Each structure stands twice: as C-alpha cells, then as structure tokens.
Amino acid sequence: MRSLKQLGEMRVGVIGVRSTSIHSWVARSGRAKATICEVDRKWRVNAGTYGVVNQNGAKYVQIGQDREYQFCAPQKSAFEHMFREDYYDPKLLMLSFLGNSAERWANSKDKAIEDVQRMMDQLPEGLPCIFMTTAPAYRESILELRLRAQHNLMDAFKETGARCSFVPGATSQTVAENQGNSDHFRRNSSGRGKDPFHPNSVAVEKFFALEMDNICTAIFDQLGTDPIGQ
C-alpha cells in the first residue's frame, strides 16, 4: 500500500470544457482557441465546474467569465494564461481528452506529436501531470478510430519525452465493458440508444473501478509518494 497523507492534504477542482482537446488549449488564436474563449452561441456557457474552482455555486459557466476562469488573453493560449504567475498553480494536473481529436490523432501521428510537444512547452516546468484518454464508446467503428488515436498519442508522449504519466482509457477490460453494451449508454423512451459516445453513470463507475489501480499508480509516480515503510 502507499501512503495517502500527501493526497489527503490536497483539494480538487474539475473543469470540463465541451468540444475541446489539447490543440484547443495550446492555440493562441483561431478556431481552436475559440472553442474555449468564445461564448457558446446556443447555451451561453461552455463548461462544467466542480470542487474548489467552483466559487459561485453555478454548475455551468462560460470560460473567460468570472474570476476563477480567466483563461483568455490576446495572443496567448489558455494554458499560457491560466498558468501565469499568481493564478493557477496546481500541485498535480490531470488531463483527459480523446474523442474531439480522435480523427486528428488517428490519421496523423505527426499531429499527435505536435499537440503533445506544444502542450509540454506551455505547461509550467516541474508541474506533475497525468494524461488519461477517455472511456470506450459503444460502436466498434467509433472505438476503432479512438484506439488508433490512443496508440498514436501514447507514442507521441514517448517520442517527445513528455513527463506526464499516460493512462490509456481504452483497455481490453474497459472495451469489453462498453462495446455493444446498451446498458452503459443513454437510451430514449423506446429503449433505443441515442448517444453512442458518452457512457452513462453506471458505466462511469465501472470504468473507474477498472482503471483505479492505473490512475493511483500514475498519481503516486507523479507526486513521488513512497510506499509505506520505505
């Protein structure tokens, strides 16, 4: 077992911004940056927030509005601006992306390398980090694309010498749980599936139960926490 003292002293904040991926957070201008910094035309908000970063109690927010989400500045990426001096200074950063860049990464290992390298260049030096890909989808065709993307992305982390721990979300176990399992995805009133991309809460619990050892190992590796008794 590992010592949990260091984790017990930490606070956690979670931010999920819709339709974004690595290249959105490292872009200094253009459409990629706009997915973070421009107001969502339909919903007027583009993010869900939880934990210590949620200071006003609103579950959904627009990035760039409110003191806690000032990630947008001219000619700077979201990562560059949020990690500026006297703003965000986390002890551990955990990132989880795949679906919105599945085609980009599956079809081009060079793009995967480019995204990872730019991300590592923009993250603060010495910041412990974990990168985890997302849970498997329902359809085999979707999953096949994402597996190729995950493979290229994993290679990109190795080839760039990225310091982040990499945790694959699509494993033989998680794929077996989700692929073709309608009980793990949202259905309409007639019982037909309506979202083959995003697992439901039942699936999420199983996913994290299966991934917990890998996640914990990555956390302890990044924080340098020693096993009990050593």
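This is a predicted model: local features need pLDDT of at least 70, side-chain atom pairs count only at pLDDT 80 or more; totals for chains, interfaces and linings use all residues.
**Exercise 1. The second largest pocket and Asn46**

Task: Determine which residues line the second largest pocket, and how the lining divides by residue type.

Solution. The second largest pocket is lined by Arg18, Ser19, Arg31, Ala34, Thr35, Glu38, Val39, Asp40, Arg41 and Asn46. Sorted by type, the lining residues comprise two nonpolar, three polar and five charged. The space within this pocket comes to about 200 Å³.

Task: Locate Asn46 in the chain, and decide whether Asn46 is buried or exposed.

Solution. Begin with the position: Asn46 belongs to the loop between α3 (30-37) and β2 (47-51). Next, consider accessibility. A residue is called buried when its relative accessible area is under 20%. The value for Asn46 is 4%, and therefore Asn46 counts as buried. Finally, list the surroundings. With neighbours within four places in sequence left aside, Asn46 is in contact with Gly16, Val17, Arg18, Thr35, Ile36, Glu38, Asp40, Val61, Gln62 and Ile63.

**Exercise 2. The disulfides**

Task: State how many disulfides there are, and describe the one that contains Cys37.

Solution. The count is two disulfides. One of them joins Cys37 to Cys72, with an S to S distance of 2.0 Å. Cys37 lies in helix α3 and Cys72 in the loop between β3 (60-61) and α4 (78-82), so this bond ties together parts that are 35 residues apart in sequence. The torsion about the S-S bond is about -95 degrees, and the disulfide is therefore left-handed. For accessibility, Cys37 has a relative accessible area of 21% and is partly exposed; Cys72, at 24%, is partly exposed.

Task: Carry out the analysis for the disulfide of Cys129 and Cys164.

Solution. The sulfur atoms of Cys129 and Cys164 are 2.0 Å apart, and the two residues form a disulfide. Cys129 is in strand β5, while Cys164 is in the loop between α7 and β6, so the pair links parts that are 35 residues apart in sequence. Because the torsion about the S-S bond is about -100 degrees, this disulfide is left-handed. Cys129 is buried, with a relative accessible area of 0%, and Cys164 is buried at 7%.

Solution. At 28% relative accessibility, Cys216 counts as partly exposed.

**Exercise 3. Helix α7**

Task: What span should helix α7 have at 1.5 Å a residue, and how far apart are its end C-alpha atoms?

Solution. Helix α7 covers residues 140-160, which is 21 residues. The expected span is 1.5 Å times one less than the number of residues, so for α7 it should be 30 Å. The end C-alpha atoms of α7 are 30 Å apart, which agrees with the expectation. Directly after α7 comes Gly161, whose phi is positive, near 70 degrees.

Task: Identify the buried residues of α7 and name elements that cover them.

Solution. The buried residues of α7 are Ile142, Leu143, Arg146, Ala149, Gln150, Asn152, Leu153, Asp155, Ala156 and Phe157. To read such a list, recall that an α-helix has 3.6 residues a turn, so residues three or four places apart point the same way. The cover over the buried residues of α7 includes α5 (102-106), α6 (109-122), β5 (129-132), β6 (165-167) and α8 (172-178).

Key
Residues are numbered from 1 along each chain as its sequence is written. Side-chain values use heavy atoms; hydrogens and water are left out. Helices (H or I, at least four residues) and strands (E, at least two) are DSSP runs, numbered from the N terminus. Buried means under 20% relative accessible area, exposed over 50%, partly exposed in between (1.4 Å probe, protein chains only). Contact means heavy atoms within 4.5 Å. On a 1 Å grid over the protein atoms alone, a cavity is a set of points where a 1.4 Å probe fits but cannot get out, and a pocket is an open set with protein on both sides within 12 Å along at least five of seven lines; lining residues have an atom within 4 Å of a point. Grid points are joined across faces, edges and corners, and a volume is the space filled by probe spheres set on the points. Ala, Val, Leu, Ile, Met, Phe, Trp, Tyr, Cys and Pro count as nonpolar, Asp, Glu, Lys and Arg as charged, and the others, Gly among them, as polar. A disulfide is a pair of cysteine sulfur atoms within 2.5 Å.
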